[in-house]
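Hi,

Here is the structure I promised to pass on. Have a look, and my notes follow below.

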Amino acid sequence: MFLKQGKRGKAYSLLEGFSKAQYSYVALLDADMQYPPEAIPEMMKQLERGGVDIVVANRVERETTLLRRFLSRSFNFVFAQFLHDLHVDVQAGLKVFRRKILREVVLDPTPWTFDLEFLLSARNYGYVIGGVPIVFAERQAGESKIKFLEAMYEIGWNALRLRFKGRPPLLLTPETTASMIGAG
């Protein structure tokens, strides 16, 4: 177990956690238990069957307020589907993916903008994104640390920025540090 050391914000916490990852798959799960951990085995099956490299939990049934559902769906439609042609729940707090993607994507997130940039970068490098439907529940533990309007502005502005940002080339790392085999 590791304790948070770096800068505040979801993106920075995730990047810090990824640096500790040891296995070939990584699962992100919000700690407030709004996403069912029971969905992870199905998500892993999709990865192991092949055909997808990232699986996102798509909130299809939501046990939340009407306002929160409206804002979430509106954000996803405008900033994920319309601007970027991504048809998954971009801001979902449950994702499972191949760890090697972390070595290849180039990310420059702000405190709350990891998700869209990660998914876009991965897709731009040829990785396939799939989804699994889940029931999104009310928060069971903890409290939200997000300043809603500030984060919405930050995430929305970042989505616009990413729409017009160039795509960096994919750099392939060698299979081992003692060889250039696999590099490109």
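Starting with helix H2: Glu48 and Arg49 are exposed on one side of H2, where exposed means over 50% relative accessible area, buried under 20% and partly exposed in between, with a 1.4 Å probe and protein chains only. Before I go on, this is a predicted model: local features need pLDDT of at least 70, side-chain atom pairs count only at pLDDT 80 or more, and totals for chains, interfaces and linings use all residues. Residues are numbered from 1 along each chain as its sequence is written, and side-chain values use heavy atoms, with hydrogens and water left out.

H2 covers residues 40-49, and Met43, Met44, Gln46 and Leu47 are its buried ones. These four sit on the same side of H2 because they cover an arc of only 155° around the axis (taken from the directions from the helix axis to the C-beta atoms). Helices here are DSSP runs of H or I with at least four residues, strands are E runs of at least two, and both are numbered from the N terminus. Just after H2 comes Gly50, with a positive phi of about 90°.

Next, Asp53, in the loop between H2 and strand E2 (54-62). Asp53 is buried, at 16% relative accessible area. Its side chain makes a polar contact with the Arg98 side chain at 3.0 Å (N or O atoms within 3.5 Å; within protein, one able to donate a hydrogen and the other to accept it, and residues adjacent in sequence count only if both atoms are side-chain atoms).

Finally, helix H5 (residues 114-124) has nine of its 11 residues buried.

Cheers
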